[in-house]
Amino acid sequence: MDKFVLALERTLRFLQNSQHDGGLGVVSDAKIVVEESLARYKKNGTLGFRDKGKIRFLFLPTNELQEIAVLNGWGDEYMEIAKIVDDFLA
């Protein structure tokens, strides 16, 4: 299985166990973006322009996903995942 799929699946596991989002209310939104993009990638073997944009935005430095990761104790893991995602989308 490719690194990108594993990175998104890992992100989902972390999100499912995240209790804090700093009052942003975005954990569920982030899960939806990751779940939908992952499903389409698994089905088609690629990501469309929209999915790439959503994933790229979600993993931007200092975006809400990074804040969620830090608040929930998986900030270091987030950085590893973000690197894989960034390399994939490059």
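Phe 4 is buried in this predicted model, where its relative accessible area comes to 1%. The ring of Phe 4 takes part in a cluster in which ring pairs also link Tyr 41 and Phe 88, and the structure as a whole holds five aromatic pairs.

**The pair of Phe 4 and Phe 88**

- The ring centres of Phe 4 and Phe 88 lie 3.8 Å apart with the planes at 10°, so this pair counts as stacked, given that planes under 30 degrees apart fall into that class.
- Whereas Phe 4 is buried, Phe 88 is partly exposed, because its relative accessibility is 31%, and partly exposed covers the values between under 20% for buried and over 50% for exposed.

**The pair of Phe 14 and Trp 74**

- The rings of Phe 14 and Trp 74 are also stacked, with their planes at 5° and their centres 4.6 Å apart.
- Since Phe 14 lies in helix H1 and Trp 74 in the loop between H4 and H5, the pair ties together parts that are 60 residues apart in sequence.
- Trp 74 is buried, with a relative accessible area of 3%, while Phe 14, at 22% relative accessibility, counts as partly exposed.

**Backbone at Thr 62**

- Thr 62, a residue other than glycine, has a positive phi near 65°, and it is found in the loop between helix H3 (49-58) and helix H4 (64-71).
- With a relative accessible area of 75%, Thr 62 is exposed.

Key. Residues are numbered from 1 along each chain as its sequence is written. This is a predicted model: local features need pLDDT of at least 70, side-chain atom pairs count only at pLDDT 80 or more; totals for chains, interfaces and linings use all residues. Side-chain values use heavy atoms; hydrogens and water are left out. Helices (H or I, at least four residues) and strands (E, at least two) are DSSP runs, numbered from the N terminus. Buried means under 20% relative accessible area, exposed over 50%, partly exposed in between (1.4 Å probe, protein chains only). Rings of Phe, Tyr and Trp (its six-membered ring) pair if their centres lie within 6.5 Å; planes under 30 degrees apart count as stacked, over 60 as edge-to-face and the rest as tilted.
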